[in-house]
Amino acid sequence: MATSPLASLIPLALLFLPSLASGCYTRLFAFGDSLTDTGNFHHSIGDQFDPVARLPYGQTYFGRPTGRFSDGRVIVDFVAKAFGLPFTLPYLVGRTADDFKYGANFAVGGATALNNDYFRKRDVEPNWTEHSLDEQIRWFKQLLNMLATQSERDELMRNSLFFVGEIGGNDYNHLFIRSKTLDEVRAIVPDVADAIGAAVKELIQLGAKTLVIPGNFPIGCVPLYLRVYQSDKEEDYHPKTRCINWLNEFAEYHNRMIINKINSLKESYPNVTIIYADYYGASMNIFRDPVQFGFEVPLNACCGSDAPYNCTPSILCGSPGSSVCKDPSTYASWDGLHLTEASYKLVAEGILEGPYASPPLTKSCTNLQCDSDTLKLPFSDPFSSI
């Protein structure tokens, strides 16, 4: 195989030293899918073609592809920076305990909350990654054995921040693209919530004290969905945002189930901080008032095709026939399914300082000796030094 375009990622991570809030959380561990992945998908597929491993992916911040499904950084990158931590190293990139000195990212593009056997039993043959959430938890347990002895685990787990998600969106994506009905997809939502809850419970039983559980984004505003479910019925669209109502209602249903699961876990584990990250609410600001936040084209993909919403499933970002907008920061969507760095930054701000997380992440260091004033972010340009 040719030299990986991610080869420079390890030295970048090692050179990126804590600065802003060093000492609050010593490590960040992240689980999820392509919205959180920082390179695992690329390293999991071997010699197979991977459009994310080439430009224009990564063009805005890194100037090269890094395995992120965006033009630049994703939410966990901004969260890591806020706590003075390096970018989380993809689990499949590291080799030694020292590689994971500041945590690890287990998220894999295409991953589901439910394992693939669940879908096979329902006559849906998976053509996506095998690295579902339960596999990612197994990876974490293997890494934990490398990082700490039994006597050291309590401290490591107590001083780490755990991001469990966003996960679950692909469980629905994979069914929607197979023309399953809304009722059929809706029927698996409780199982998705249970799978996420089981993963969180397992981490808590291993000693985790602070966990963030994000909800789903408003998929009715996603260009790929807008393209596939384009309708002549005016009532299908929100009159102001022009997002598809029934898809956003579905995302809201998923999020209610996640909130219910979190509330149940809080009752069972009152000494654990479990934070719901409202990705839906934070990103809806873009679509309700895009100009206020600098977005000129909220419903079109920046990188895509010459089609409605700049998006068609047959011409993906980076493939022949695709094109890239001049200024990704004015677009909410990068490639029709994933967000631009500008969008991810806005969502990150909303959960770090509020009001889209309770407590806001920067006020979540209840288990550590931490001066909350050191975490105050000057949001006019909080990440200029990255």
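Guide: A cavity is a set of points, on a 1 Å grid over the protein atoms alone, where a 1.4 Å probe fits but cannot get out. Its volume is the space filled by probe spheres set on the points, which are joined across faces, edges and corners. The second largest cavity here has a volume of about 30 Å³. This is a predicted model, where local features need pLDDT of at least 70 and side-chain atom pairs pLDDT 80 or more, while totals for chains, interfaces and linings use all residues. Residues are numbered from 1 along each chain as its sequence is written, and side-chain values use heavy atoms, without hydrogens and water.

Visitor: Which residues line the second largest cavity?

Guide: Leu35, Thr36, Ile75, Val76 and Tyr279. Each counts as lining because it has an atom within 4 Å of a cavity point.

Visitor: What makes Arg138 and Glu135 a salt bridge?

Guide: The rule asks for a side-chain nitrogen of Lys or Arg within 4 Å of a carboxyl oxygen of Asp or Glu. The closest N and O atoms of this pair are 2.8 Å apart, so the pair qualifies. Both residues lie in helix α5 (residues 133–147), three residues apart. Helices are DSSP runs of H or I, at least four residues, and strands are runs of E, at least two, numbered from the N terminus.

Visitor: What does the pair Lys261 and Asp194 tie together?

Guide: Their side chains meet in a salt bridge at 2.8 Å, N to O. Lys261 lies in helix α11 (residues 245–268) and Asp194 in helix α9, so the bridge ties parts 67 residues apart in sequence.

Visitor: How do you know what span is expected for α9?

Guide: The expected span is 1.5 Å times one less than the number of residues. Helix α9 (residues 189–205) has 17 residues, and its 24 Å reach is close to the 24 Å expected.

Visitor: What makes β1 and strand β3 a pair?

Guide: Two strands pair if DSSP finds at least two bridges between them. β1 and β3 (residues 160–164) have five, in the parallel sense, so they pair. Phe31 stands opposite Val164. Three bridges join β1 to β2 (residues 103–105), also in parallel.

Visitor: Why is β1 called mostly covered?

Guide: Five of its five residues (27–31) are buried. Arg27, Phe29 and Phe31 lie on one side, Leu28 and Ala30 on the other.

Notes:
On a 1 Å grid over the protein atoms alone, a cavity is a set of points where a 1.4 Å probe fits but cannot get out, and a pocket is an open set with protein on both sides within 12 Å along at least five of seven lines; lining residues have an atom within 4 Å of a point. Buried means under 20% relative accessible area, exposed over 50%, partly exposed in between (1.4 Å probe, protein chains only).
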